Every structure is written in structure tokens, then in C-alpha cells.
Amino acid sequence: MGSDKLDSDRLGTLDPFGHRKAMIPAEVNGLWKKRREWSQAVLILIFLLLPWTKINGVQTILLDIPARKFQLFGATFWAHDAPLVFFILLIGCIGLAFATAIWGRVWCGWACPQTVFIDGLFRRVEIWIEGNHLKRRALLAAPMSFDKFFKKTFKWIVYFILCSILAHSFIAYFVGADALIKMMQNNPNENLTYFTLVASITALLVFNFGWFREQFCIIMCPYGRIQSVLMDQNSMAVLYDEKRGEPRKNPAVSQEKQGDCISCNKCVQVCPTGIDIRKGIQLECIACTACIDACNDIMKKVDRPPNLIRYSSESGVFGKIKSLRSMMYLAIIAIASLILIYQLSTRTVYRATILRGQGLPYSLTKNEKDEDIVVNHFKLHLKNQGYEVLKFNISLALEESQFNPDLIELTAPINDIELQSGEDMTLHFFIKAKPQVTTGIGSRNAELNLKILKGSEVLTSKLNLQLTGPK
Ligand code: SF4
Ligand code: SF4
């Protein structure tokens with residue numbers, strides 16, 4: 001009894017002494033397995049190919065942290081676009097919470113890189129080199145021999161090659177695929193930082209996908225820890241139908257009273273986290289559906305209806321979007337999406353900001369004709385947020401009813417500015433005016449004409465300046 005209690009309290013991945021047990025789940029075939037194989041293949045392809053695709057001539061996803069430039073599906077965001085990125089992240093996080101509330105751990109079982117890469121790549125390599133689960137278990141228990149040494153070495157070499165490819169693909173999201181190719185053709189010493197980064201990521205992936213595996217889901221993943229908060233009795237989960245299955249096959253139970261579970265333990269043998277789903281919803285369950293397929297296979301053999309283990313919920317009802325919690329998640333997603341769409345649609349290809357020069361608001365000086373003039377100092381910060389080269393030209397936009405053009409002029413070191421995509425610059429310029437322009441008023445508004453050339457397109461923008469002078 002005491003040992004039973006300990007067994008039920010212990011993680012399925014640990015032995016009675018607290019040591020890790022190697023998890024070698026049995027192979028499984030079935031409808032869910034096929035569906036997951038397809039989705040894993042598609043997700044792996046997306047991950048590997050996305051850095052090589054372009055939208056609007058730029059990489060589909062590029063997170064250039066040193067340049068604080070983030071390209072997402074044809075739109076480029078800069079550090080000052082943090083509010084937009086905030087809304088994108090908010091939609092992603094609340095979307096995941098919404099999906100969890102409705103479909104439970106669908107992310108873990110179907111889309112998490114940990115599950116996708118282990119099931120879709122590394123376990124396949126293991127089976128290819130070492131054989132099925134029985135052969136792998138026997139190989140693990142066998143003393144070292146040439147055959148064991150060869151298979152283990154070969155397996156880890158293949159793991160290393162796969163992890164190296166994954167690490168390079170991962171880095172391409174941050175440095176750009178084209179830059180990555182150039183770096184790979186050069187001597188590692190020329191890009192020592194990235195070389196070290198790729199080597200470290202490769203080592204980490206080999207450790208994780210080759211050895212750490214299910215422990216990440218069970219003891220490290222923060223998303224796994226907050227499942228119980230996000231899910232309720234209506235959330236979808238992989239569940240054992242206790243009413244139908246119990247009392248399970250047992251010498252103490254007569255055949256007439258016996259439920260559909262024949263105690264074959266196949267559902268436990270195929271579980272990658274080593275749990276017994278018949279004990280109910282458990283934190284370790286990553287909803288991989290392996291036990292559904294395994295049990296359906298057994299039900300077919302014993303001529304019982306399928307789905308003794310199936311997708312269900314504690315209440316028996318799932319997929320209900322009309323709960324208060326789901327509606328609140330949807331409302332937040334809708335509001336954040338509307339704000340994001342508005343901000344994206346009002347975004348310009350350039351950004352222009354005018355600030356006053358530091359120090360005094362104005363200075364009094366003399367011009368070349370020894371006449372008194374008031375000098376206002378401004379800073380114009382221009383940023384090209386688009387993909388094309390932009391040319392800027394600044395001039396004063398004067399209405400003659402307000403200003404006599406002979407009394408006021410703009411001087412700047414350069415008037416024609418050319419900015420490459422993503423480039424920015426600060427231009428200091430001065431508005432020199434005869435005192436009568438501002439005297440007695442204290443301040444007066446003037447307008448700056450900003451002419452922008454985008455290819456053959458001409459955009460014009462007016463920026464407001466507040467001139468200051470002696471009262
Ligand atoms: S696979 Fe099905 S029949 Fe076999 S032990 Fe699990 S629940 Fe019972
Ligand atoms: S209990 Fe079933 S669904 Fe959950 S992790 Fe184990 S095999 Fe996968």
C-alpha cells in the first residue's frame with residue numbers, strides 16, 4: 001500500500017530512488033499519429049524555409065536586435081514601434097490563453113518546437129538507427145560492445161548534424177539568411193560572436209533533444225506550469241473514460257462486472273512522459289494523443305468501441321466559446337487587433353520630428369549687412385521606415401500675408417538629404433529673421449515644407465515651427 005502511494009506520487013520519469021528513468025516510449029500507429037506527422041512535417045518545413053522567403057523584397061521574419069529592426073511579414077518595425085510590437089505580443093499571448101481555455105494543451109501536443117522536433121526528427125533518427133522500442137531498451141541495458149558503440153556514436157553524430165542545421169536556421173531569423181550564408185563562407189574568426197552563438201545553440205539543442213527531452217516539459221516549461229490557471233472543466237483534454245473503462249480487468253473483478261479497460265498498459269507504454277492517463281488529468285500530459293491511438297488499437301483487437309481514451313473535457317462538453325472567460329479573451333484580442341490595424345494603416349514610410357536646439361530659445365546676432373537678426377535653432381530628426389531610398393528636401397513654407405519673405409530665411413548645412421531604408425539622421429537648421437518678424441509677439445508659428453521623394457512619387461508634409469524672439 002505504502003509503495004503504491006509512493007508510486008502514484010512519483011513522477012513517471014523517476015525510479016524509486018529519484019533517478020531519471022530513460023523514457024523509451026513504444027511506437028504507435030493510428031489516425032492521430034498520422035495527423036500529427038503531417039502537422040509536424042509542415043511546421044518543420046515552415047521553420048526551415050521561412051528565413052529564405054521574402055515579402056516586399058525583405059526577409060519574411062527578421063529580428064535584427066543590434067539594429068533594433070524587426071521585419072514581420074512585409075512590415076518593418078523599429079525600436080520606436082515598441083507599442084506596435086506590444087500589441088502583437090499581447091494578441092499572441094492572449095490568443096494562446098484563449099486556445100488553452102478551449103482546446104487545452106493543443107500547443108504542447110501539436111505545435112511546441114520541443115514536441116515537434118523530438119517526435120518529427122529525433123525519435124525517428126533513434127528508431128532508424130537503434131530499432132523499435134524493444135531493441136532500444138535492450139541496447140540500453142546491454143554492456144558496451146562494438147555494435148552498441150557504433151550505433152550510439154552514429155546516432156549522436158546525426159543528432160549533431162540536425163541540431164547544427166536547426167541552430168543555423170534559428171540564427172537566420174536574427175542575422176538574415178543572406179548574411180548567414182556570407183558568414184558561413186568566411187573564416188569563423190571574422191564572425192567569432194555569431195560562430196560562438198551557433199556553436200552554443202547547437203550544443204544546447206543536442207543536449208535538449210538528445211538527452212533532456214520530456215524533462216523540459218515536466219520540470220522547466222513555464223507554459224506547462226500555468227495550465228491549471230488557464231484551463232477549466234470545459235477545456236479539451238486527452239481523457240480516459242472512467243465510467244466505461246472501470247472496473248478495469250483484474251483477477252478480483254468478475255468478467256460480467258469488468259469495464260472496457262483490459263489493463264494492457266499499452267497507453268502507459270506509449271506515453272513519452274511516462275504517465276498513466278487512467279489516473280486523470282496530470283500536469284505531465286502534453287496531449288500528444290499517443291495513448292488515444294494505442295488504446296483504439298487495443299479496443300479494435302478486443303472488439304470494443306473505440307475512444308475509451310479520447311479528446312474530451314471534465315464536464316464532457318468542450319469547444320464552447322461562449323464562456324465568460326473565452327469572451328473576455330476574445331474581447332481583448334479584438335480591441336488589440338483594432339488598435340494594431342489602425343496604427344499600421346496610419347504608419348508612414350518616414351518619420352520626421354522637429355525639436356528645438358538645446359540651450360537658449362533664440363539668440364540675437366547680426367547678419368552680413370550688420371542688421372539685427374533673431375536666430376532660432378531647430379533639430380530635424382528624419383527616419384526612413386520604408387524599403388526604398390527616400391530623398392528629403394526642406395524649405396520654409398511662407399504665407400506672404402503672415403511673413404515677408406525678405407525678412408526671414410532658413411539656413412541648413414544641407415537641404416537635400418538621402419536616406420537608405422532604415423537609415424536616420426538629425427539635421428540642425430536655423431531660422432534667421434529680422435526682429436520685426438517676432439518683436440512684440442513673443443512667438444509666432446511658421447511652417448516648414450518637407451518634400452519627400454519616394455521613387456518618382458512626391459510627398460509633401462508641413463511641419464509646424466514656433467519662432468521665438470524678443471518681446
Ligand atoms: S490502452 Fe486502453 S485498455 Fe489498455 S490499459 Fe490503457 S486504457 Fe486500458
Ligand atoms: S497521457 Fe497520453 S496524451 Fe498525455 S502525454 Fe501521455 S500519451 Fe500523450
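Reader: Which residues come nearest to ligand 1?

Author: A residue counts as near a molecule if its C-beta atom, placed from the backbone, lies within 6 Å of it. Of the 15 residues around ligand 1, those that come nearest are Cys-261, Cys-264, Lys-266, Cys-267 and Cys-295. This is a predicted model, in which local features need pLDDT of at least 70 and side-chain atom pairs count only at pLDDT 80 or more, while totals for chains, interfaces and linings use all residues. Residues are numbered from 1 along each chain as its sequence is written, and chains are lettered from A and ligands numbered from 1 in the order in which they are written.

Reader: Which helices each supply at least two residues of that shell?

Author: Helices are DSSP runs of H or I with at least four residues, strands are runs of E with at least two, and both are numbered from the N terminus. Here the helices are H14 (266-269) and H15 (290-301), and H15 gives the largest share, 3 residues.

Reader: How do the shells around ligand 1 and ligand 2 divide by class?

Author: Ala, Val, Leu, Ile, Met, Phe, Trp, Tyr, Cys and Pro count as nonpolar, Asp, Glu, Lys and Arg as charged, and the others, Gly among them, as polar. The shell around ligand 1 has 10 nonpolar, 3 polar and 2 charged residues, whereas that around ligand 2 has 12 nonpolar, 2 polar and no charged residues. Among the 14 residues around ligand 2, Cys-271, Ile-277, Cys-285, Cys-288 and Cys-291 come nearest.

Reader: What is the order of the strands in the open sheet?

Author: Two strands pair if DSSP finds at least two bridges between them. The 3 strands follow the order S3-S4-S5 with antiparallel pairing, and the edge strands, S3 (61-64) and S5 (75-78), each pair on one side only.
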